Each structure stands twice: as structure tokens, then as C-alpha cells.
2 protein chains.
Amino acid sequence: MSFPKVGKLYLSEVSNYFDPHGIYYLGPEGSFSHQAVSALSGLKVPVKTISEVFDKISNSTMGLVPVENSLEGPVNETLDNLFTRDGIYVNASLEIEVNLVLAANQDLSVIKRIYSHPHAIAEAGKRLKELGDFEIVQVESTSKAAKLASVEVNAAALCSEFAARLYGLNILERNLTDRGNVTRFFVVSNRLTTSGERTVLFFTVPDVPGSLYNVLREFYKRRVNVKMIYSRPLRRLIWNYYFYLEFEGSIDEFTPLIDDLKKVTQEVKVKGSYTTILSPS
Amino acid sequence: MSFPKVGKLYLSEVSNYFDPHGIYYLGPEGSFSHQAVSALSGLKVPVKTISEVFDKISNSTMGLVPVENSLEGPVNETLDNLFTRDGIYVNASLEIEVNLVLAANQDLSVIKRIYSHPHAIAEAGKRLKELGDFEIVQVESTSKAAKLASVEVNAAALCSEFAARLYGLNILERNLTDRGNVTRFFVVSNRLTTSGERTVLFFTVPDVPGSLYNVLREFYKRRVNVKMIYSRPLRRLIWNYYFYLEFEGSIDEFTPLIDDLKKVTQEVKVKGSYTTILSPS
């Protein structure tokens, strides 16, 4: 199966393919995962954990999971689930800018209390102090904050613009955080896609000098660009690691490379080729 | 300065060297960091964040920071601080087994409530259910749990054996979690150590095919074993990464290797050679 890049129209084709049994994503409603999954048409179903998204993958469903944030790095729960669960593949990628706004259904002049998640408060705390003297109240998610601000007098939420819109709030202030905070999501399913811009794979190597070097040589020989490499604990064996790697190009283009990787690794798990179908404007 | 391995005796030498102005560690008292730092003699000072430990490093102080857990992977805040702060080096490593016990100053038969941190509850939940029907109460740390259990009737704590001892609790049950959960800590200071079992360095490479391969070739040529490699977001430049690497051997042994790395990287930061001075028995 191939997922050609044709912009947003393409998204509805993908999800129609899997509908009507749902696209599972990490909730709650108003989360950044919800914002990303909203680019896809079809029934969206929030679940409570990333592992639960993986649990729900079947012949007629797909999932959307966060995989990496530009400031915080990889989402370990996603990498570990992709590595350990055979038969689940990466089909597409979506990027969402993690922007925070101050939102309320009242004017800034009457706001006394601001709700938000501790991480968001940490990021935007300096700018909030410049705006006035507020009581800052920590809640479990920025979407919960938006929900509270929508029903309480004199209260605002520090949340995403998406959550603000979802709860009918007006934007009081934008640009409360530094730019360059982007989260990447993967669309995952039980179908392997072999064409696309990038390919995702996992491998393990023996703990001897040159193991990783021998793997990277296979890419170097063919002038293939390794875009990302992460090592993660193997868990079943202490201080041993598996590697997550993304390279530029598709499985269809580089079948001999993948065959050669099998000779220089203990194990290779090819998780599919994908194209980025949504990026921040 | 060299830190030869002479077992626990050596620890007091190290800390006497830096005393009396303190060894800073991630609190609160009873934390796994506290357990690790207790292997060192001298004044120990708990602080609230890993970054604060780094803030406190001066000519007469040292710090102790968690760097990696065998199940969860690297501690990003430690890697980011080590990478961005020049003049702070790694001098030694300590490993602590993260074991959980059920502890109280009463018999199991009268326990109605168990306090613990959500992560610990998730890890040990299955075993706790086998032990009986308890009210499980989440608190912010396992050491806080031990403190509460020490003053409340009918209450126990799911905590480390170290925290249980600190608060004078009896161990009701051991082995509540799977084995192989070990956290590594680094002793850091503003002194570079050039001898030891392993060397820590950071580097950045251009985003072109073969960059990482060219770096690993320098190790391969000399049959030097790369023990760990992690990539982390560079933050100042989106989707760009820095690499954390540990190799077997010391700076003293491999000075020409380090000189050659400068030719194949954009930047190299050598953070010192270290020896593991405490491991789980």
C-alpha cells in the first residue's frame, strides 16, 4: 500500500479507508493529539494512554501517537510500543506547533485566576507576570484549563488555540512562548507502507567495538542520509539498547540496503515508509 | 586529577576533597539520589531540581545527578545541563538498584491504606493486589509516602528500603517489582578527570549523509567500544540534534582519538573520564 502526498485531501482518503471503526488518539479532547487527529476525517476516539492507542489497532482501525517534540525529544512510550509490537507500522506523519495562548470568555481586565498545566505555566510564566498579578492554578491538562475557564467568572486558561476554540473562548494574548516548539505525530496501523519520504526501522547490535559503525556503513555506502537515531533501553537485558533510526528514502527504493542491514545486526524491524502530510504553516 | 578506583574508601577521599561546602543532590530526603549520595562522606545538601544541582557547582562543591535508568533510559535534564554548561565535568558513577518494599510501623494485618508515588504504584500494583484490599493513595514521592506511614495508624508506604529505614519503618514485603531496575548517577564538579573506565563526550555533526558514520569510524579504527550513544534535540535549531556518547577507555589513553574527532564534527565537548565506584551487590 502506498500513501502518496497530496495534501489535506489525501487525509480523508486515508481515514475513509479505515473508517468507520475509528482513529484512536491520546485524549482528552482539546489535547495536542486531538488537534493533530482533527486533520483526519472519520470517527475519532480518545483513549487514556499511548499504549492503549496501540492496543486498539486492528484491521479496521488506525491510531495517532506523538513520537517526538522538538524541545523535549522522543516520546519513549511510543518508541517502546512500536519496537515491541510486531505488525504495527508507521504510515504518515503530522507536525503540530505547540503554541500557547491566554483565553477566556471575559476581558483581561477582570481576570483574577489562570488555569493551566505545570509544563505550560513553566514555559509561559515570565510573560504571564508581565501581563498582571494573577492567581495561577495547576490542573492536569491545558484542555481541562480551557474547560474550567469556559464556566468560571474571572478565570482564564493558558492553553492551545485549538482548546480555546473548542470551549468557545476568546484569545486574550498570543505568543506566550518561544517559537520552535513542534510535536510530530505518527499515523499507525497494521498495514505496511513501502513508499514515502522517510523510512522507520529498529535494530539491535552486539556489544562489541564497531557494531553501530557497521550498521551506519551500509547507509554511508549508498549515500543515504540518516535523519534520526535514538537508543533506548532493551529492558529485558540491563544496560543493553535497541536503536530507532529514520532514513531519507523509502523501502521500495532501498530494498537491498535493508537486506544488507540484516547481515550486520542481531535483529532489524522495518516499520514502514511515511510522508509528512501536515506541517506548521 | 585522577580518581582511581579503590572501592568505598575512595568515596570519602573524593568528598573530603570538596568538603566542607557540600555535595548537592536532587531531594527530598529519602529519594534514590539521597540513597546514592549517602555512599559519599561529607555535607549533603538536597535541592529541588537537577538544574539547581548544576547551579551549585563551584570550586568547593560537587553534585550528584541521575543520568540513566535501566528501564526508562536517559535523564534528559541531566544530559541537557551537561551539554550546555561548559566547565562542568563527570568524575565518577554510582549505580543504585531501584527496589520497592512495603513498609510500616505496624503489622500487615492492620494496614488499610498504602501511600506511594504513581510510578511506584504502577510498577508494584499487581503484587499489592495479591497482598490484600487496600486504599491506594498517590503522593508526590516515595519518601513522602514513608514519612506519612511513619506517623499514621493503619497506613503503610510503598517505598525504597532506604526511605523505610530513614523513617524507622519495618519491611512488611520485599521484591514487589521486577529486578533489573537500576539507576546510574554521576558525580559532577568543575574539575576534569582524565583517567577512568569510561569517557563521556558530546558532539554535533552536519545534517549530511555519513556525518555520524565518520565520527564512529574514528572509534572503529582504534577498536574502541562505544558503550552508549543518545541523540537529543539541540533546541536552538528545530529537528537538529546533539549526540551524547560514552566510550570504554580514558582521555589519557585516547588523546589522539579525541583530536581526530574534532576534524569530523562541528563541535566536541569532552566531559571527562570516570569510574563506577558503587554498583548493586
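This is a predicted model: local features need pLDDT of at least 70, side-chain atom pairs count only at pLDDT 80 or more; totals for chains, interfaces and linings use all residues.

Colleague: How many residues does the contact take from chain A and from chain B?

Modeller: Chain A contributes 29 residues and chain B contributes 29 residues.

Colleague: On chain B, which elements each supply at least two residues of the side that touches chain A?

Modeller: They are α8 (211–221) and β13 (226–233) of chain B. With seven residues, β13(B) gives the most to that side.

Colleague: And what is that side like by class?

Modeller: The side of chain B that touches chain A has 17 nonpolar residues, along with seven polar and five charged ones.

Colleague: Switching to the core. How many residues are in the largest nonpolar one, and which have the most contacts inside it?

Modeller: The largest nonpolar core has 96 residues. In soluble globular proteins, nonpolar side chains tend to be buried together.

Colleague: Take L216(B). What does L216(B) touch, leaving out residues up to four places away in sequence?

Modeller: L216(B) touches L212(A), Y213(A) and L216(A) from chain A, and V226(B) from chain B.

Colleague: Now chain A by itself. What is the secondary structure?

Modeller: Chain A has nine helices and 15 strands. Its C-alpha atoms fill a box of roughly 65 × 45 × 35 Å along the principal axes.

Colleague: What share of chain A counts as buried?

Modeller: 43% of the 281 residues of chain A. As for contacts in chain A between residues at least 6 apart in sequence, 70% join residues at least 24 apart.

Key: Residues are numbered from 1 along each chain as its sequence is written. Chains are lettered from A and ligands numbered from 1 in the order in which they are written. Two residues are in contact if their C-beta atoms, placed from the backbone, lie within 7 Å. Helices (H or I, at least four residues) and strands (E, at least two) are DSSP runs, numbered from the N terminus. Ala, Val, Leu, Ile, Met, Phe, Trp, Tyr, Cys and Pro count as nonpolar, Asp, Glu, Lys and Arg as charged, and the others, Gly among them, as polar. A nonpolar core is a set of buried Ala, Val, Leu, Ile, Met, Phe, Trp, Tyr and Cys residues joined through C-beta atoms within 7 Å. A residue is buried if 20 or more other C-beta atoms lie within 10 Å of its own, exposed if 12 or fewer, and partly exposed in between; C-beta atoms are placed from the backbone.
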